[in-house]
Amino acid sequence: MAEEKSYEPFVQDKVSEKIAVYPGTFDPITMGHIDIVNRSLEIFDKVIIVIAINPTKSALFSLEDRLQMIQDCFPADEKRISVDHADGLLVDYAYKRGATAIVRGLRAVSDFEYEFQLALMNRRIEKEVETVFLMTGLRWIYISSSIIKDVARHGGDTSGLVPDHVCENLRQKFMT
Ligand code: COA
């Protein structure tokens, strides 16, 4: 008869909150981003969604509008989700907020090269902060904020791809 093994229950020495930062331009937030936030909450105790500056992009929505749209997506999760913006280096922000990880969503192989570059540069600057990649849900792998804005700009229907309030804001932006 096989010897029965007994295992000591795993006890964490130090119960500390695991905080992740989820950065992006969020112009606007999409169902794909929300999917990544929800997946992150399965792993981390808290997620800080950060609108970070990408100098290569000019945004359609103001920073205030983007912050509000994100906040309105998670009204019931105040304790575990916060929304913020950051001007400087993302890793410095993450470190100051006590985050141990930066979460990034991957949709397709084409995302990988850019994400690889960002992650390695971030690690070079601050080795205490790891980058964690999560696969976006299959339903959302073809969407991006730009493609959604393009559809809305031409009067197309974006419902189901962004939350209802974002859909309405897009409609108003492009109303002639
Ligand atoms: N579902 C749907 N779309 C997604 C997605 C998902 N899960 N994940 C990413 N996307 C889309 C976004 O909508 C965005 O679309 P767009 O290009 O049409 O706007 C695109 O993929 C990727 O953008 P995003 O995730 O918003 O990142 P970004 O490339 O705009 O921003 C930063 C990258 C902000 C994280 C980076 O510039 C940064 O860290 N800036 C701070 C300054 C800094 O530290 N610089 C040094 C970096 S090493």
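Colleague: Which residue stands opposite Ala-20 in strand 4?
Modeller: Ala-101 of strand 4 stands opposite Ala-20. This is a predicted model, where local features need pLDDT of at least 70 and side-chain atom pairs count only at pLDDT 80 or more, while totals for chains, interfaces and linings use all residues. Residues are numbered from 1 along each chain as its sequence is written, and side-chain values use heavy atoms, with hydrogens and water left out.

Colleague: What counts as a strand here, and when do two of them pair?
Modeller: Strands (E, at least two residues) and helices (H or I, at least four) are DSSP runs, numbered from the N terminus. Two strands pair if DSSP finds at least two bridges between them.

Colleague: OK, how many bridges join strand 1 to strand 4?
Modeller: Two, and strand 1 (residues 19-24) runs parallel to strand 4. Six bridges join strand 4 to strand 5 (residues 130-135), also parallel, with Leu-106 partnered by Met-135.

Colleague: In what order do the strands sit in the sheet?
Modeller: The order is 3-2-1-4-5, in an open sheet of five strands with parallel pairing. Strand 3 (81-86) and strand 5 each have a single partner strand, so one side of each has no neighbour in the sheet. From one strand to the next, the twist averages 30°; axes are lines fitted to C-alpha atoms, and angles run from 0 to 180 degrees between N-to-C directions.

Colleague: Is strand 4 (residues 101-106) mostly covered or uncovered?
Modeller: Mostly covered: six of its six residues are buried, meaning under 20% relative accessible area, with exposed over 50% and partly exposed in between (1.4 Å probe, protein chains only). Ala-101, Val-103 and Gly-105 are on one side, and Ile-102, Arg-104 and Leu-106 are on the other.

Colleague: Switching to the ligand. Which residues come nearest?
Modeller: Thr-25, Lys-57, Leu-90, Ser-145 and Ser-146, out of 25 residues around the ligand. A residue is near if one of its heavy atoms lies within 4 Å.

Colleague: What about Arg-104 in its side chain?
Modeller: A side-chain N or O atom of Arg-104 is 3.1 Å from an oxygen atom of the ligand. A polar side-chain atom of Tyr-114 lies 3.0 Å from a ligand oxygen atom. The protein covers 87% of the 930 Å² of accessible area that the ligand has on its own, by the Shrake-Rupley method with a 1.4 Å probe.

Note on methods
Polar contact = N/O pair within 3.5 Å; in protein donor to acceptor, adjacent residues only side chain to side chain.
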